[in-house]
Amino acid sequence: MATIVTESGPLYRDGRVPVASGRRCKYHRRCMTGWYLRTLGRPRLEREGLERDLERKTAALLTYLACEGPTPRSRLAGLLWPDSGEATARNNLSQLLRRLRLLAGGELVVADQALRLAPELRVDV
């Protein structure tokens, strides 16, 4: 299958994005529609037959944003890493967001003036 390289990465001509594991997923699309955040029970992301387990702090971040709405980075960093210095906590938050982006294949958390969930993400709370 022919691929096109765009500013945001490779893209198949039919709109699919290559999956990081090397497997091609028939349903994986460039847009983030379809992700469903399950916070009750085992925290995980689900999408058209795919299921991704979430780390404890990733689940806490997504659940907090789902319940509280847009929140400044400094507030989230302080809540998730209360025993760390401000710089360390903010770096940890950046790394957590990076891992989440790689896990989901795109942005589930939008960073404007404050962090907020992407409007396409559905949540069970």
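Q: What pattern does the chain follow, read along the sequence?
A: In this predicted model, the chain follows β-β-β-β-β-α-α-α-β-β-β. Helices are DSSP runs of H or I with at least four residues, strands are runs of E with at least two, and both are numbered from the N terminus. On that basis the secondary structure comes to three helices and eight strands. Residues are numbered from 1 along each chain as its sequence is written. Local features need pLDDT of at least 70, side-chain atom pairs count only at pLDDT 80 or more, totals for chains, interfaces and linings use all residues, and side-chain values use heavy atoms, with hydrogens and water left out.

Q: Why is α1 called roughly perpendicular to α3?
A: Helix α1 (residues 56-68) and helix α3 (residues 86-104) pack at an angle of about 90 degrees, and their axes are 10 Å apart. Angles of 65 to 115 degrees count as roughly perpendicular, those under 35 as roughly parallel, those over 145 as roughly antiparallel and the rest as oblique. The helix pair therefore receives the name roughly perpendicular. Axes are lines fitted to C-alpha atoms, for helices over the stretch in contact, and angles run from 0 to 180 degrees between N-to-C directions.

Q: Which residues make the contact of α1 with α3?
A: Lys57, Thr58, Leu61 and Leu62 of α1 meet Leu93, Leu96, Leu97 and Leu100 of α3, where contact means heavy atoms within 4.5 Å. These residues divide into six nonpolar, one polar and one charged. Ala, Val, Leu, Ile, Met, Phe, Trp, Tyr, Cys and Pro count as nonpolar, Asp, Glu, Lys and Arg as charged, and the others, Gly among them, as polar.

Q: What makes β5 and β8 edge strands?
A: The open sheet of four strands has the order β5-β4-β3-β8, with mixed pairing. Strands β5 (50-53) and β8 (122-123) each pair on one side only.

Q: How do you know that β3 and β4 pair?
A: Two strands pair if DSSP finds at least two bridges between them. Three bridges join β3 (residues 36-38) to β4 (residues 44-47), and the two strands run antiparallel. In β4, Glu46 is the bridge partner of Tyr36. Strands β4 and β5 also pair in the antiparallel sense, over four bridges, and Arg44 stands opposite Asp53 in β5. Helix α3 packs on the sheet, touching β4 and β5, and its direction makes about 30 degrees with that of β4.

Q: What makes both faces of β4 covered?
A: Arg44 and Glu46 on one side, and Leu45 and Arg47 on the other, are all buried. Buried means under 20% relative accessible area, exposed over 50%, and partly exposed in between, with a 1.4 Å probe and protein chains only. Of the 125 residues of the chain, 35% count as buried.

Q: Why does Glu48 count as partly exposed?
A: Its relative accessibility is 47%, so Glu48 falls in the partly exposed class. Glu48 is found in the loop between β4 and β5. Phi of Glu48 is near 40 degrees, a positive value in a residue other than glycine. In the hairpin of β3 and β4, with five residues between the strands, Gly41 takes a positive phi near 85 degrees.
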